[in-house]
Amino acid sequence: FYYLWEIPFFMLIGAGGGLVGALFVKMNVHLTYFRRKLVPQSLPMLRLLEVVVIGVITNIIFFSISYSSPCDEYKEEYKLISRAGTATSSLWTGRYGTNMFPELWCPSGTFSRWGQLFYQPLAEALKIIIHIGEDSSEVPYNFNWLTLLMYFLVTFTLMVVTYGVGAATGLFVPSLVVGAAAGRLIGKLVKEIVRSAGSNLNVSLSSYAVIGAASSLGGATRMTISITVLVAETTGAFGILAPIMVAVFFSKLVGDTLGLGIYDAHIRIRGAPMLEEQSFDDKETNIAAQCTVKDVMAKESIVALPSCPSIRDIVFALTSCKHGVFPIFEEGDLPLSSNRKSSLQGCIHRNFLVKLVKSSAGRDQTDMSTILEDQSKAVQMFNYLQEMPEKAGFGGDIGDYQITEEEMEVRVDLTPFMHRHPYLIVEDTPASRAYSLLRDLGLRHIFVTPSKPQVVGLLSRKDLLPENVELALQYNESYAEFLAQKDKTV
């Protein structure tokens with residue numbers, strides 16, 4: 001629950017979540033650049049060692065804090081706010097039937113103050129921070145100030161270090177934990193302010209923890225609606241849906257003014273060609289309008305393939321460049337690297353060629369020709385290659401495939417496997433229009449044609465209506481039958 005006068009505090013929590021998220025992104029980006037130099041992706045064993053070292057250090061830190069924790073007296077009233085559990089004397093759940101008050105190494109009748117959070121998995125600690133004491137207004141339990149502050153700082157630091165290592169460490173749960181700890185801290189501060197004002201209003205610390213968790217995650221990822229729904233669904237806090245929306249909005253607003261989100265930052269680090277929505281900046285608009293596709297397209301060393309190349313030709317094309325797609329021309333004597341204009345027959349993707357080379361290992365000339373002459377076998381091979389798992393980082397290394405010299409001379413007809421109708425664009429098209437086309441359609445490449453292509457017809461939306469298409473098919477069939485009967489009479 002919440003009160004209307006708490007909305008400004010929720011706005012401040014959202015702004016603070018944006019600051020924390022932006023700080024996390026800045027620190028992680030600098031660490032990622034350092035990590036790429038010290039632990040490159042080309043050394044997988046070194047990356048594995050990094051994961052092991054970070055895991056060991058993390059466990060040592062959490063264990064040391066739990067072991068050195070001061071002990072607090074366990075009161076019988078705490079049973080009112082304990083989550084349901086079976087009585088057991090195990091190290092994890094403690095003798096009091098819940099892991100919210102673990103005894104650990106404390107004397108009998110006490111519990112570990114810091115072990116409440118540090119000796120728990122992150123998901124369990126998140127549940128405790130959010131839900132502890134929410135069902136009892138008679139005996140509210142408040143975490144110690146130092147406990148929440150330590151947990152916030154330690155978890156935030158480890159989140160910065162672990163995000164980007166060679167393991168699936170995740171971002172959502174650590175960010176939610178960091179925000180929940182900070183939110184509960186602010187909630188305790190607000191509660192003290194209310195008490196000092198002489199009011200007996202019951203401030204919900206759980207609400208502050210939930211809003212802090214949403215703000216922290218929103219500040220790191222810069223997502224809005226999905227974060228609101230995710231936090232509301234996972235915590236069941238539908239009663240504070242409006243404050244969550246307000247806090248997430250402010251976290252994104254503050255975060256965007258300070259830099260990119262964590263995902264956009266890592267996309268930029270990796271150099272992925274991510275096309276953002278076009279801005280309305282006058283300078284950028286003028287540059288994009290004056291520049292044409294011909295000015296920015298790849299002009300040199302366009303690697304092409306004939307329609308029926310040998311395995312040697314395919315291997316050479318794959319190892320000589322890193323292109324993701326290869327145009328296919330009908331001329332059998334077309335060189336693999338050519339800048340002269342030719343009629344385009346289709347295109348084929350790099351991943352499919354890699355799979356084709358892999359599947360051709362161990363086959364002779366007769367075997368491959370038999371497969372491709374039979375239409376049903378060609379379809380079966382196409383489906384088999386589509387389902388074949390891709391091998392990352394093919395590059396120029398083909399030693400794993402062990403292709404013999406005889407197999408290198410095997411010719412493969414690419415006609416059954418190629419994309420016959422790739423997207424085309426004329427060379428004098430403005431670069432801004434090509435930008436919109438690539439972004440809106442989600443394309444990775446477009447082939448460029450001469451500026452004066454030959455027009456053979458006009459197609460409108462009306463022509464693609466189902467009834468028009470059906471009429472066109474019926475007309476084509478009847479016309480074909482007419483031509484066949486005319487040939488018989490002649």
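## Around Tyr151 and the cores

Leaving aside residues up to four places away in sequence, Tyr151 is in contact with Phe62, Leu117, Phe118, Leu122, Ala125, Ile129, Val177 and Ala181. Keep in mind that this is a predicted model. Tyr151 also turns up in the largest nonpolar core, a set of 60 residues, where Phe24, Leu117, Phe118, Tyr151 and Ile244 touch the most other members. Which helix gives this core its largest share? That would be helix H5 (residues 145-162), with 9 residues.

As background, nonpolar side chains in soluble globular proteins tend to be buried together.

Take Leu46 as one of them: you'll find Leu46 in helix H2, which covers residues 44-67. Its relative accessible area is 32%, so Leu46 is classed as partly exposed.

## Aromatic pairs

Next, the rings. The count comes to 14 aromatic pairs. One of them is Trp5 with Phe9: the ring centres are 6.3 Å apart and the planes stand at 85°, so this pair is edge-to-face. Are these two buried, exposed or partly exposed? Trp5 has a relative accessibility of 36% and so counts as partly exposed, and Phe9, at 25%, is partly exposed as well.

Phe249 and Phe250 give another edge-to-face pair, with 5.5 Å from centre to centre and 85° between the planes. Phe249 is partly exposed because its relative accessible area is 48%; Phe250 has 23% relative accessibility and also counts as partly exposed. Rings can link up beyond a simple pair, too: Phe63, Tyr67, Trp105 and Tyr119 are joined into a cluster by ring pairs.

## Salt bridges

On to the charges. Side chains of opposite charge can pair when their charged atoms come close. This model has 5 salt bridges. In one of them, the side chains of Glu50 and Arg35 meet with an N to O distance of 2.6 Å. Glu50 belongs to helix H2 and Arg35 to helix H1 (residues 7-38), so the bridge ties together parts that lie 15 residues apart in sequence. Buried or exposed? Glu50 and Arg35 are both buried.

Asp72 and Arg113 form another bridge through their side chains, at 2.8 Å from N to O. Here strand S1 (residues 71-73) holds Asp72, while Arg113 sits in the loop between strand S2 (110-112) and helix H3 (115-118), so the parts tied together are 41 residues apart in sequence.

Then there's Asp256 with Arg222, whose closest N and O atoms are 3.5 Å apart. This one links distant parts of the chain, 34 residues apart: Asp256 is in helix H9 (residues 241-258), and Arg222 is in the loop between helix H7 (205-221) and helix H8 (225-235).

Key: Residues numbered from 1 in each chain as written. Predicted model: local features only at pLDDT ≥ 70, side-chain atom pairs only at ≥ 80, totals over all residues. Heavy atoms only, no water. Helix = DSSP H or I, 4+ residues; strand = E, 2+ residues; numbered from the N terminus. Buried < 20%, exposed > 50% of the residue type's maximum accessible area, 1.4 Å probe, protein only. Phe/Tyr/Trp six-rings, centres within 6.5 Å; stacked < 30°, edge-to-face > 60°. Salt bridge = Lys/Arg side-chain N within 4 Å of Asp/Glu carboxyl O. Core = buried A, V, L, I, M, F, W, Y, C linked by side-chain atoms within 4.5 Å. Contact = heavy atoms within 4.5 Å.
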